[in-house]
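Thanks for coming, everyone. I'll walk through side-chain packing in one model today. Please have the viewer open.

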Amino acid sequence: QVQLVESGGGLVQPGGSLRLSCAASGFSYNYYAIGWFRQAPGKEREGVSCISSTDGSTYYTAPVKGRFTISRDNAKNTVYLQMNSLKPEDTAVYYCAFKRWGGSGWAPCGQYEYNYWGQGTQVTVSS
């Protein structure tokens with residue numbers, strides 16, 4: 001059973017930075033994708049950024065391009081989301097999710113494609 005543990009959320013002022021971590025365990029296959037999703041109150045959950053373990057292909061939703069960076073440490077089965085220049089509209093519960101993925105050239109980032117989910121971590125951007 002795949003387990004995902006998120007950390008790094010918190011309260012930050014607009015313009016500040018946070019780094020989220022997602023540590024994955026409980027699987028034996030080498031090829032997978034991990035994504036970060038977020039859900040704000042009253043809104044649907046959306047894909048923020050996803051990365052493939054195969055070749056490091058990434059996806060970013062338009063509102064975070066240029067501000068967020070996703071990266072991976074395959075040896076540690078950990079994915080990071082560096083969030084800079086945070087805005088109040090980034091406030092949400094952030095979830096990481098996992099799926100088997102052997103493709104290359106792109107990273108899937110639709111929430112319904114992902115099978116395993118972490119418990120979520122709150123990110124609040126407010127002055």
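**Rings, charges and cores**

Start with Phe 27. Phe 27 is buried, at 17% relative accessible area. Keep in mind that this is a predicted model.

Which residue is its ring partner? Phe 27 forms an aromatic pair with Tyr 32. The geometry is edge-to-face, with 5.1 Å between centres and 70° between the planes. Tyr 32 is buried too, at a relative accessible area of 5%. The cut-off for buried is under 20%. So Phe 27 at 17% makes the list.

Next pair: Phe 37 and Trp 117. Their ring centres are 4.9 Å apart. The planes meet at 55°, so this pair is tilted. Look at where the two residues sit. Phe 37 is in strand E4, residues 32–39. Trp 117 is in strand E10, residues 116–117. That is 80 residues apart, so the pair links distant parts of the chain. Phe 37 has a relative accessible area of 0% and is buried. Trp 117 is partly exposed, at 26%.

How many aromatic pairs are there? The count comes to ten. Ring pairs also build a cluster: Phe 27, Tyr 29, Tyr 32, Phe 98 and Tyr 116.

Now the salt bridges. Side chains of opposite charge can pair when their charged atoms come close. The count here is three.

Take Arg 38 as the way in. Arg 38 is buried, at 6% relative accessibility. One of its partners is Glu 46, with the closest N and O atoms 2.7 Å apart. Glu 46 is partly exposed, at 30%.

Arg 38 also meets Asp 90 in a salt bridge, 3.0 Å from N to O. Asp 90 lies in the loop between strand E8 (78–83) and strand E9 (92–100), while Arg 38 is in strand E4, so the pair ties together parts 52 residues apart in sequence. Asp 90 is buried, with a relative accessible area of 1%.

What else does Asp 90 meet in a salt bridge? The side chain of Arg 67, at 2.8 Å, N to O. Arg 67 lies in the loop between strand E6 (58–60) and strand E7 (68–73). Asp 90 is in the loop between E8 and E9, so this pair ties together parts 23 residues apart in sequence. Arg 67 is buried, at 10% relative accessible area.

Shared partners join Arg 38, Glu 46, Arg 67 and Asp 90 into one network.

On to the nonpolar cores. The largest has 28 residues. Which residues have the most contacts inside it? They are Trp 36, Phe 68, Leu 81, Met 83, Tyr 94 and Phe 98.

Last stop: Gln 82, in strand E8. Is Gln 82 buried or partly exposed? Partly exposed, with a relative accessible area of 27%. Beyond its neighbours within four places in sequence, Gln 82 contacts Ser 17, Leu 18, Arg 19, Arg 67, Phe 68 and Thr 69. Ser 17 is 65 residues away along the chain, yet the two C-alpha atoms are separated by 7.5 Å.

Over to you for discussion.

Note on methods
Residues are numbered from 1 along each chain as its sequence is written. Side-chain values use heavy atoms; hydrogens and water are left out. Rings of Phe, Tyr and Trp (its six-membered ring) pair if their centres lie within 6.5 Å; planes under 30 degrees apart count as stacked, over 60 as edge-to-face and the rest as tilted. Buried means under 20% relative accessible area, exposed over 50%, partly exposed in between (1.4 Å probe, protein chains only). Helices (H or I, at least four residues) and strands (E, at least two) are DSSP runs, numbered from the N terminus. A salt bridge is a side-chain nitrogen of Lys or Arg within 4 Å of a carboxyl oxygen of Asp or Glu. A nonpolar core is a set of buried Ala, Val, Leu, Ile, Met, Phe, Trp, Tyr and Cys residues joined through side-chain atoms within 4.5 Å. Contact means heavy atoms within 4.5 Å.
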